[in-house]
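This briefing covers selected local features of one protein chain, grouped by topic for use alongside the coordinates.

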Amino acid sequence: MEGAAGSERVVKRVCPFCEGMCGIAVTVVDDTVVNIRPDTENAWSQGHVCPKGIMLGEVHHDPDRLLSPMIRTGDHWASVTWDEAFAHAERLVARVLPKHGHGAIAGYIGNMSAKGFGSARYAGRFFALGKIPNIYSSSLTDQHPKNVVCHLMYGAMWRIPIPDLDRTDLFVVMGANPAASKGSIFSHRDVLGAMRDLRARGGRVVVVDPVQTATAQKADQWIAIRPGTDAAFLLAVANVLFAENLVAPAHLTPILNGLEEVRELAGRFPPEKVEAFCGVSAGEIRGLALEIGRAKRAAVYGRIGLCTQSFGTLSSWLIEVIAILTGNLDRIGGSLWSTQLADHQDLTAPYSTDIPLVTGKSRVSGTTAFLGQLPIACLAEEIDTPGEGQLRGLVTFGANPMLSSPGAERLGDAFGGLDFMISIDNYINETTRFADLIFPAPSVLEQPHWDVYGWAFALKSGGHYSPTVFERKDRPEEWQVLTRLGTILGGEPHLDLDELDDEYFAAMCDVRGIDRAVAFAASPHSGPERILDLAIRSGPFGDRYGERPEGLTLQNFKDDPRGKVVADATPLGSSVLNTATGKIEMAHPHFLADVDRLEAAMTETPSPMVLVSRRQLGSLNSWLHNVDSLVRGKNRCTLYIHPADAVSAGLKEGDFAVIESASGAVTVPVEVQTQIRPGVVSLPHGWGHDAPGARLRVAGSRPGANSNLLSPRDLRDPASGNAVFNGIPVRVSKADG
């Protein structure tokens, strides 16, 4: 409408920040977002939203957000044109490539790369064109144990079963806090609302966590486990299931290998053996095991708290084992695999489904690379240790490893010694301040959106196309930036981008068995939209380019701003499996080989105080702390400590405490909390915005402390390479002054 305030329009979109995929209505007057509200008509979220989604306007209008490429000379940054930026990238790469080859270049890809319309579909293409052999990612500070487990058990690293919360009778949550994360590798419109519905129909919710999180406070039972002991706890649950004749794989039996090996292993872990190690009584363990075994339908969900501990792979594996033993895997009301309306992962993922588990060793420390990636803790030593194969060039992509990775102090020193560093990011932050060149990514509102990774973990088949709110003609599209930069890194900077994209799209058509000529005729224009259209059309509900006239195309979603939900998940049987035997490998030797390490840990004297991380609803790792509305008010970077531990350390509410580990120390204010297990303290992840040279005015005014300075570089889960952020031994004392 027209008025004194200018031209007003409302655009229906989806917030891209997490698996919640909340629908929002963005009101724009001229070129300014004036309001964002929940979209009650959205077919998926139906009006549910969290604080992050309604702040997209502040992110878009953030004066610190980069709008043009930036070149650094010493401490000075200069804005340049896109042509100048690409020319500078060629000069930077020429410092390394002719003399040292591609083996001297590495890439680090972060979570936010999965949220862009172009980046989600072209990240793999970028690495392939760039011929980058050394890939690091946030996966190894997050969910890599899940990937390892599903790769070995089911034959595909991203085939991760999802709890069927809406149809279960018992929901057991371990190492997860959906009240803050909205569900992680678990897409649901409203987890807490579904928990209320479950309890209202007579079901129960049990949370196993060292902290009585906001999720645990809404549960029927909180089990305050000692951090890092979940694998032993779950083995004891399995022990009880076998001892009480509650093991019934049922429909899984014909496609299951390894049941007897698991029976023998579980026999070594009765609840009485693990209770002291776990800090949970044998009676409480046995009670939960009986409840899981006797429930008509049970869904056991384990997430980041299980992955980011010393036994992350064992814990993640045993979540699957419990579901199998009770017949709740691939079962309505248990855990199911999604059936995506527009599956992208076989088309655009950087890794193929047949990648081997072990893909090499690091040059310096000999650390194992799992599924094509080395632990981020190895990156600094690979840069600062001279010798054949030394890393001399780095590209970071939607990532801030200075705040998300262990060993950040050494990592910063290493970045300063690189021959070149190129970043793709929206900010000059704690990591990109070291870059020689930054290519800005488009804001969320400057690009369309269709979630590639949210729908992959949803138990409803659906989709939503979000149109661009603010068109920008003064910059190349993101897919063009990634393709062009890939060719520069690959040593072939003058290749034609459209020809390369046609080649990319043609290969996707072949994967899906679609006639190339038909697909190109329907989608002649290069870029990610035709990839999305292909994914929809060749999916289970698509029209296959006219073969099924009643099927869906991208245009159907462009025509319906509400989005569509077309089906609920159903069991998939053996069709989901991609193992060599065609069966579930329940007792893969890789898992069994790590059990001796667990038993050895059970004989050790536990640390009197350990640290765990925590999620916050208004944060997205480190990325939203420059949004004033999400950080104003009460200090959010505080240390949770139990009253008894506070007394022992001479601390009271509001004091400052020094937390020390084997790798470093930080000082933070104290919050005395009864909702935490004694002997455990908790710090949030993603803070520490006091780095010199970072240009984040809001975040810099409320910097907080970088909890990952307390994470030793060599502390990791050896079965997956994942970093450890939970169960770190620490000392806590009152700060001087």
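In this predicted model, Asp30 counts as partly exposed because its relative accessibility is 43%, a value between the 20% and 50% cut-offs. Asp30 lies in the loop that links β3 (23-29) to β4 (32-38). Although Asp30 is not a glycine, its phi is positive, at about 55°.

**A further residue with positive phi**

- Asn245 is not a glycine either, and it has a positive phi of about 55°.
- The position of Asn245 is in the loop between α9 and β13 (256-257).
- With a relative accessibility of 71%, Asn245 counts as exposed, because the value is over 50%.

**Nonpolar cores**

- The largest nonpolar core has 94 residues, and Phe171, Phe233, Trp317, Ile584 and Leu598 touch the most other members.
- Helix α9 (residues 230-243) supplies the largest share of this core, with 11 residues.
- Residues up to four places away in sequence set aside, Trp317 touches Val149, Met153, Val262 and Leu265, and also Met586, Ala587, Phe591 and Leu592.

**Packing of α11 against α12**

- Helix α11 (residues 271-278) packs against helix α12 (residues 282-294) at an angle of about 115°, and their axes are 8 Å apart.
- This angle makes α11 roughly perpendicular to α12, because the range for that class is 65 to 115 degrees.
- The two helices, α11 and α12, cross in a right-handed sense.
- On the α11 side the contact involves Pro271, Glu272, Val274 and Glu275, which meet Ala282, Ile285 and Arg286 of α12.
- Sorted by class, the residues in the contact of α11 with α12 are four nonpolar and three charged, with no polar ones.

**Packing of α11 against α25**

- The angle between α11 and α25 is about 65°, and the axes are 10 Å apart.
- α11 and α25 are therefore roughly perpendicular to each other.
- Lys273, Val274 and Phe277 of α11 make this contact with Leu598, Glu599, Ala601 and Met602 of α25.
- By class, five nonpolar and two charged residues take part in the contact of α11 with α25, and no polar ones.
- Val274 takes part in the contact with α12 and also in the contact with α25.
- Leu598, listed here on the α25 side, is also among the residues that touch the most other members of the largest nonpolar core.

**Two buried residues**

- Asp594 is located in the loop between α24 (589-592) and α25 (595-602).
- The relative accessibility of Asp594 is 9%, so this residue counts as buried, the limit being under 20%.
- Apart from neighbours within four places in sequence, Asp594 is in contact with Phe311, Leu314, Asp717, Pro718 and Ala719.
- Phe370 belongs to strand β17 (residues 368-370).
- Phe370 is likewise buried, with a relative accessible area of 4%.
- From Phe370 to Gly360 the C-alpha to C-alpha distance is 7.7 Å, while 10 residues separate them in sequence.

Technical notes: Residues numbered from 1 in each chain as written. Predicted model: local features only at pLDDT ≥ 70, side-chain atom pairs only at ≥ 80, totals over all residues. Heavy atoms only, no water. Core = buried A, V, L, I, M, F, W, Y, C linked by side-chain atoms within 4.5 Å. Buried < 20%, exposed > 50% of the residue type's maximum accessible area, 1.4 Å probe, protein only. Helix = DSSP H or I, 4+ residues; strand = E, 2+ residues; numbered from the N terminus. Contact = heavy atoms within 4.5 Å. Axes fitted to C-alpha atoms, helices over the stretch in contact; angles between N-to-C directions. Parallel < 35°, antiparallel > 145°, perpendicular 65-115°, else oblique. Left-handed = near helix turned anticlockwise from the far one by under 90°. Nonpolar A, V, L, I, M, F, W, Y, C, P; charged D, E, K, R; others polar.
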